[in-house]
There are 2 protein chains.
Amino acid sequence: MSGFFDLHRPTLESAVKALFCREYWTPYPEVPSGRIYGETAKAEGEADFAALCGGVFDLSGHPAEGQAGAEVSPFGSVLGIRYPVAAPDALIAAAVAAAPALAGATVEARVGVCLEALARLNRMSFTIANATMHTTGQAFAMAFQAGGPHAQDRGLEAVAAAYAEMTRFADHARWEKPQGKAAPLVMEKRWTLRPAGIALTIGCNTFPTWNSYPGLFASLATGNPVIVKPHPRAILPLALTVRVLREVLAEAGLPADAVLLAVDEPGAEVTKALAVRVEVKLIDYTGSQAFGDWLRGHARQAQLFTEETGVNSVVIAATDDLDGMCANLAFALSLYSGQMCTSPQNIYVPAGGIDTDKGHLGFDAVAAALVAAIDGLLADPVRAAGICGAIANPATRARVEAVAAGRVLRAGAATGGAGPLVLAVEADDPVAREECFGPVAFVIACADADAGIRSAADLAAEKGAITAALYDTDAARISRAEAAFAAAGVNLSVNLTGNIFVNQSAAFSDFHVTGANPAGNASLTDTAFVATRFRRVMSRRPVAA
Amino acid sequence: MSGFFDLHRPTLESAVKALFCREYWTPYPEVPSGRIYGETAKAEGEADFAALCGGVFDLSGHPAEGQAGAEVSPFGSVLGIRYPVAAPDALIAAAVAAAPALAGATVEARVGVCLEALARLNRMSFTIANATMHTTGQAFAMAFQAGGPHAQDRGLEAVAAAYAEMTRFADHARWEKPQGKAAPLVMEKRWTLRPAGIALTIGCNTFPTWNSYPGLFASLATGNPVIVKPHPRAILPLALTVRVLREVLAEAGLPADAVLLAVDEPGAEVTKALAVRVEVKLIDYTGSQAFGDWLRGHARQAQLFTEETGVNSVVIAATDDLDGMCANLAFALSLYSGQMCTSPQNIYVPAGGIDTDKGHLGFDAVAAALVAAIDGLLADPVRAAGICGAIANPATRARVEAVAAGRVLRAGAATGGAGPLVLAVEADDPVAREECFGPVAFVIACADADAGIRSAADLAAEKGAITAALYDTDAARISRAEAAFAAAGVNLSVNLTGNIFVNQSAAFSDFHVTGANPAGNASLTDTAFVATRFRRVMSRRPVAA
């Protein structure tokens, strides 16, 4: 039962250490290199994906009453994969049946299953990359990293946090209370971990694995059977994940039904029916604030862990590296066509301009430099496609095309590879006070840098934000910005140039989402993310002193 | 600022150690002895209490628009204390004004304040004991322990858990990501703790300090200003606590208004008005499930930490110490007239009787032995008064007097010192399927011991339970009971005889409430109790490799 645990114990111990020291660490190389993953891995990943397309997805032993699946690649092809489908009743029944064995397994058995599954998923990273690419519209390199190793990092991080928490308190104790001159009172106490119930993981279209793995692995490691409900446009990456987990569970002598797949098609989602089931006690959700509100209102029997909507801002106060700043922001705005929860949207620039290494530049000149950097970055169509990918969901394209506000600084286009639409808008324009998910950025004139910081922080506190960026050369003002964004619960990146971007969030170091503003209540991965997924129950009895 | 922290650091370090190893530990002696607390402490406590009665309670600098207070001792006297009263608007405004300074204080400054306040409260234990006795109806010895040292233990436990959690992750890191042959990417990262908001602690009538200290100290230590809303019948113990905290805060250079008192009178409670305020992000509540449901429905902006209603059961399967068992249960049922959230209510006995060290006894004989033990325990009126105390709330007496079910095995009486009403009822009698808070116990015939275990565990899972007790000599059945009660999320005590009782829950060892059944979602004190009271926010910036 604990063979997997022993095998992966060094990885787990390193992960726990990294979790708390927050320095760079990963066991899963992010470079899609044949030297690392095997010279045939790339071709095999493509072949695996091609073989899956048009077929029936095999989930041996999974409840099935029919088939469904209507995935279409944002790059154009129809995937044509049919997945087993079971009604919510059947899924809940299967999960409930699996629960006692999973709850009764040792911490090491469950954690071992998670670690082995992550190791297998890592070896499958090229297959996962193709599945991610053709469900999310991410370009290949990003699909590999975000769908593969970086998602695995976040899964492992959750397992490490869960393991640390489950083993944090003594599981037995001898309690000996002095009684003056009399013999002490002595009690022997033992604690059992009690999982919360059935867990539901609700995946999103754009990052099916990266955003789902933390909740999935945290719930499973702590003993809760998990029903994985992918976005109907991005099933395959999670179906592959569920298959691996079911295989490993069975090999460990645990019920495969401890992880289940709830497949549906656009317009016929089963999410609500599952979310309100009394057996469901944990829900991990990534998506819109509107559906988050629905869950808060209706799934009152469950704990909710959410990542929702937000408006991410950049404040440009000053820079001693104008070119570096513009190049960095151009990439941050273009990457995956702004379809990241961490993508910047609002860019605050003082109306009177800023000081730079190339002299004082007016508002228009700053905006022009930024647009020029985007244009330069995306001048080569192949490179542009590799950065921007495709638009995952037609609704995103429609949303951006419908924006009619301000003054066009840079035109977008109907294809993702065109990069962001850039508009100059007034600070009080309603369009800039809501998330407009997709390839669009608003450049906003503010009275001065402090006013821009205040606007961005206030908006984050009110509407939510996951990232903020500041460019500045004034140490005192940087400190003020740090305080303002900390009060708004937003992680801040200061003076990013070169090859690190505000959209990037590294497992084991950057907590993703703070939980301290409306952009989400869950932070990847802090203690709160795992601590309520299980409880401790005691049995005590007196013993002779 | 950190003088208090340095002063109490050894206590804190011992508390953190005890928290995780769960062995016996306390810095606050539970014996009301002059040798420990000073030979004059008892008289001074009585004098302090007498001086407070009939006067205006001084809370220097506290918002006040008037006075209120209508406390009457369950032992008969009118306290006649008038407390400063401010409207919810004024309390919220004061808390909001105090928030930035409290949030900006160091962990050590806030934790130091908590530790110093607990030390001062400990020295005041005789005063607190009198205040507790004359608001709760607890007899003096219990009022001293539960209102004083044991409550301080629970407060310290929460501070230790909060401190451990706040310092668990690195607060800064140098993140260095290799880039092949190129220079590594290097980022410096710093994390700031961000408190959740304003905290509301809603006290109960029966254990004003014991049940309020965990939430109060956990919220304050993690940087959230706390509005303490005592039960209108039990204000004084918390008013004394708030005064001490405000004094210590001021001495530490922090705003006294970081702890505020919300006083009201029965029938004119301000709890709801405070609970729904958008600024209130944390609510700690002890009380009925009905009001808990109200909070869940209406205070949706806040995290709720609750201890609510439950039905605690005893299963008598067999015993090798009949006298010890009956004596132990007699005390458990009589202590504070059943007004503990941990008091047993339902006693399951096999219809065919049980094996004992005095031979096989029928159902009626077991019940008779238990009743005889209660009668014996309470035969001496002075001793009975010292065990049973008084009934805190007239509603409790009315509730017990209204019970009309089953067969009377032992009559109760209108005075608390009479001990419990004991009734033989059928398992499906609705009266035994709800909490009947107060001096009453139901003896229930079950088909056999396993059926009794099942009934008790199922009821706990459905209605909630904080404690369960089992008397048995069959190791296999004890194991089955442990599994059943663990699945129901109830802490189990096995074969208690002698001077330890199922109602007793020791800080640093017994988690109080598991959070795994409807009796409450908060466990004293696990990680979940503190982890979401604050969040981590990062600032990161690149540095040269």
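Predicted model: local features only at pLDDT ≥ 70, side-chain atom pairs only at ≥ 80, totals over all residues.
Between which two elements of chain B is the loop that holds P208(B)?

Figure 1. P208(B) lies in the loop of chain B that runs between strand β5 (198-202) and helix α9 (213-221). Its relative accessibility is 0%, and buried means under 20%, so P208(B) counts as buried.

**Figure 2. The pairing of helices α6 and α10 in chain A.** Helix α6 spans residues 125-136 of chain A, and helix α10 spans residues 236-251. Their axes come within 8 Å of each other and cross at roughly 150°. Angles over 145 degrees count as roughly antiparallel, and α6(A) and α10(A) are therefore described in this way. On the side of α6(A), the residues that take part are T127(A), I128(A), A131(A), T132(A) and T135(A). They meet L236(A), P237(A), L240(A) and T241(A) of α10(A). Sorted by class, this contact contains five nonpolar residues, four polar residues and no charged residues.

**Figure 3. The pairing of helices α5 and α9 in chain A.** Here helix α5, residues 107-123, is shown with helix α9, residues 213-221. The two axes approach to within 8 Å, and the crossing angle is roughly 150°. Accordingly, α5(A) and α9(A) are roughly antiparallel to each other. From α5(A), the contact draws on R110(A), V111(A), C114(A), A117(A), L118(A) and L121(A). From α9(A), the partners are Y213(A), F217(A), L220(A) and A221(A). Nine residues of this contact are nonpolar, none is polar and one is charged.

**Figure 4. The interface between chain A and chain B, with one salt bridge.** Each chain contributes 70 residues to the contact. Between them, the two chains bury about 5900 Å², and 54% of this area is on carbon and sulfur atoms. How many salt bridges are counted between chain B and chain A? The count is 14. One salt bridge is formed by R541(A) with E482(B). In this pair, the closest N and O atoms are 3.2 Å apart.

Terms used
Residues numbered from 1 in each chain as written. Chains lettered and ligands numbered in written order. Heavy atoms only, no water. Helix = DSSP H or I, 4+ residues; strand = E, 2+ residues; numbered from the N terminus. Buried < 20%, exposed > 50% of the residue type's maximum accessible area, 1.4 Å probe, protein only. Axes fitted to C-alpha atoms, helices over the stretch in contact; angles between N-to-C directions. Parallel < 35°, antiparallel > 145°, perpendicular 65-115°, else oblique. Contact = heavy atoms within 4.5 Å. Nonpolar A, V, L, I, M, F, W, Y, C, P; charged D, E, K, R; others polar. Buried area = accessible area lost by both parts, 1.4 Å probe. Salt bridge = Lys/Arg side-chain N within 4 Å of Asp/Glu carboxyl O.
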